[in-house]
Amino acid sequence: MKYAYFPGCSIHASAKEYAMAAHAVNKFLDVELVEIQDWNCCGAIDAVYAYNPLLSISLSARNLAIAESMKMDVVTLCSACFFTLSRANNMLQENADIKGKVDKAINDAGLKYAGGVKVRHYMDILTNDVGFEKIRQQVKTSLKGVKVAPYYGCLLVRPTGIQRFDDPEHPTSMDRVIEAVGAETVYYPDKTRCCGASLAITDEEVMMEMTKGPLVTAKNAKADCIVTPCPMCHFNLDAKQKDIESHFGIDIALPVLYITQLIGLAFGIPPKELGLNRNVVSPGNLLQKVKLN
Amino acid sequence: MNNNQSHQVTHETPDPSFIEEIRKMLGGDRILDCIQCGVCAGSCHARFAMDHSPMQVIKMAHLGLKQDVLSSSTIWICASCYTCASRCPRGLNIPAIMSGFKNMAMKNNVPAPMELKPKFHKTFTEIVGKYGRMHEPELQMKLIQKTSPKALLHNASLGLRMFRKGKLKLQPSKLDSSTHFTEVFKKAASAGTTE
């Protein structure tokens, strides 16, 4: 199964380990991601959109136009890119006025977008193209007894009009992947709460209040780790965890893994190949627990 | 951080053209369908940091209170999580409406309660225009200049944490421009501002 792969800016910087782990597990699942040549920033939710909506849609359109010639579905690992590209794609398919204006901007650069591309998240590929059974068959290392809190966040499942593959209120796709690799999911009430996203940059205290929620409830539910499908959520939950601990005077120390890193552990892939040494909160205790199995 | 002390709505003269302006915005066409049920207000994960709830902001928009809407912290705090939109029984795209208000506030030079906000959007867009991709350290550096030494130190600590883990990419990732990124960016940017 081949896909046109849109990495996105985070994947090339802070979230590299998410992709390292994805590429490592893909070999076991017959999934091939072919990078879209010369891709550019999607527009990042409302970072560019609030400043200039037409520019944001055009940035996404350039990527979609390049991808269209590849004749494959576009796949991204990032929930924010998934949302931003999908929103632009919908508008280009449904709003003739926008389509006309965007065409003007991209046609002169020699690009054309007919509107035939499907934008999908990697979790959709695992759920619907690969299937949980195929994932189960590749398990080599037992994750028995490992308790995982799946954190869906927002843009993987929520917005209307995107290529929906899971329930926005009670999503289960990650729960099913976690169960397929032999780990346990824990119930905690915050799996679809918002982490505050880019408020990390502009309103850090608001973001910390928002991210504290899932960290604390997952910890109280006795999770060994949280898993996420989104680089922005990962940044707030993992890289900012120390700041949240000191700001509120609480102890969390909860490892946060990308969903691909958890799958990779179950497939017996060495932690280093999964980039687990790049996670800010040490997953040491978790790795110890896996080793003892 | 908490701006939840509901600030007094001013007695500004209602602007009857405001609602038509909103209805022309992307995602704003359904604003009059709001029934003030409060699902958005009750669902909002960032409500604690807003002066008015999303429901109140929409009512203020119905009433033509343009200045009150555009100067509220609500429109800037909205993190586009889409919880409200996915639950709205009337199908309003509330985060898109909030983005539209941010856009209007920036175009009309209405000061934001959080001064970093408009700068964030502008700087983010400029960096994307420069490299084609986001370069996070540059965004952080440009946004921090005006704030306190304490904030600087705090950011340095995060930077170090990221650097040690190989998560801080000092060099920006650039495009080879084979498909004329700059041309697309410039054309779309000017088409978008003259809207």
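Trainee: Which residue stands opposite A:Ala149 in strand 7 of chain A?

Mentor: Start with the general idea. Strands of a sheet pair through backbone hydrogen bonds, either parallel or antiparallel. In this predicted model, the residue opposite A:Ala149 is A:Ile226 of strand 7 of chain A. Strand 5 (residues 147–150) and strand 7 (residues 225–228) of chain A run parallel and are joined by 3 bridges.

Trainee: What is the strand order of the open sheet of 4 strands in chain A?

Mentor: Reading across that sheet, the order is 6-5-7-8, and the pairing is parallel. Strand 6 (184–185) and strand 8 (256–258) of chain A are the edge strands, each pairing on one side only.

Trainee: Let me try strand 1 of chain A. Which strands pair with strand 1 of chain A?

Mentor: There are two pairings to look at here. Strand 1 (residues 2–5) of chain A runs parallel to strand 2 (residues 32–35) of chain A, with 4 bridges between them. Strand 1 of chain A also pairs in the parallel sense with strand 3 (residues 74–76) of chain A, over 2 bridges.

Trainee: Now a helix, please. Which residues of helix 11 (residues 241–248) of chain A are buried?

Mentor: The general idea is this: an α-helix has 3.6 residues a turn, so residues three or four places apart point the same way. In helix 11 of chain A, the buried residues are A:Gln241, A:Asp243 and A:Ile244. These residues lie on the same side of helix 11 of chain A because they cover an arc of only 160° around the axis.

Trainee: What do the buried residues of helix 11 of chain A pack against?

Mentor: Their partners come from two chains: helix 9 (204–220) and helix 10 (231–239) of chain A, together with helix 10 of chain B. Look just after helix 11 of chain A as well, where A:Gly249 takes a positive phi of about 65°.

Trainee: How is chain A divided into domains?

Mentor: Chain A has domain 1 (2–122) and domain 2 (139–292). Their centres, taken over C-alpha atoms, are 24 Å apart. The contact between them takes 26 residues from domain 1 of chain A and 27 residues from domain 2 of chain A.

Trainee: Which elements supply the side of domain 1 of chain A that touches domain 2 of chain A?

Mentor: At least two residues each come from helix 1, helix 3 (79–94) and strand 4 (119–121) of chain A. Helix 1 of chain A has the largest share, 9 residues. By class, this side of domain 1 of chain A has 16 nonpolar, 6 polar and 4 charged residues.

Trainee: Let us turn to chain B. How many helices and strands does chain B have?

Mentor: Chain B has 11 helices and 0 strands. Of its 195 residues, 42% count as buried. Its C-alpha atoms fill a box of roughly 50 × 40 × 30 Å along the principal axes. The domain assignment of chain B gives domain 1 (18–107) and domain 2 (116–193), with 28 Å between their centres over C-alpha atoms.

Trainee: How many residues do the two chains give to their contact?

Mentor: Chain B gives 57 residues and chain A gives 52 residues. Among the elements of chain B that give two or more residues are helix 6 (83–87), helix 7 (94–107) and helix 11 (181–193). Helix 11 of chain B gives the most, with 9 residues. The side of chain B that touches chain A has 27 nonpolar, 17 polar and 13 charged residues.

Methods. Residues are numbered from 1 along each chain as its sequence is written. Chains are lettered from A and ligands numbered from 1 in the order in which they are written. This is a predicted model: local features need pLDDT of at least 70, side-chain atom pairs count only at pLDDT 80 or more; totals for chains, interfaces and linings use all residues. Domain bounds come from an automatic or database domain assignment. Two residues are in contact if their C-beta atoms, placed from the backbone, lie within 7 Å. Ala, Val, Leu, Ile, Met, Phe, Trp, Tyr, Cys and Pro count as nonpolar, Asp, Glu, Lys and Arg as charged, and the others, Gly among them, as polar. Two strands pair if DSSP finds at least two bridges between them. A residue is buried if 20 or more other C-beta atoms lie within 10 Å of its own, exposed if 12 or fewer, and partly exposed in between; C-beta atoms are placed from the backbone. The arc is that of the directions from the helix axis to the C-beta atoms.
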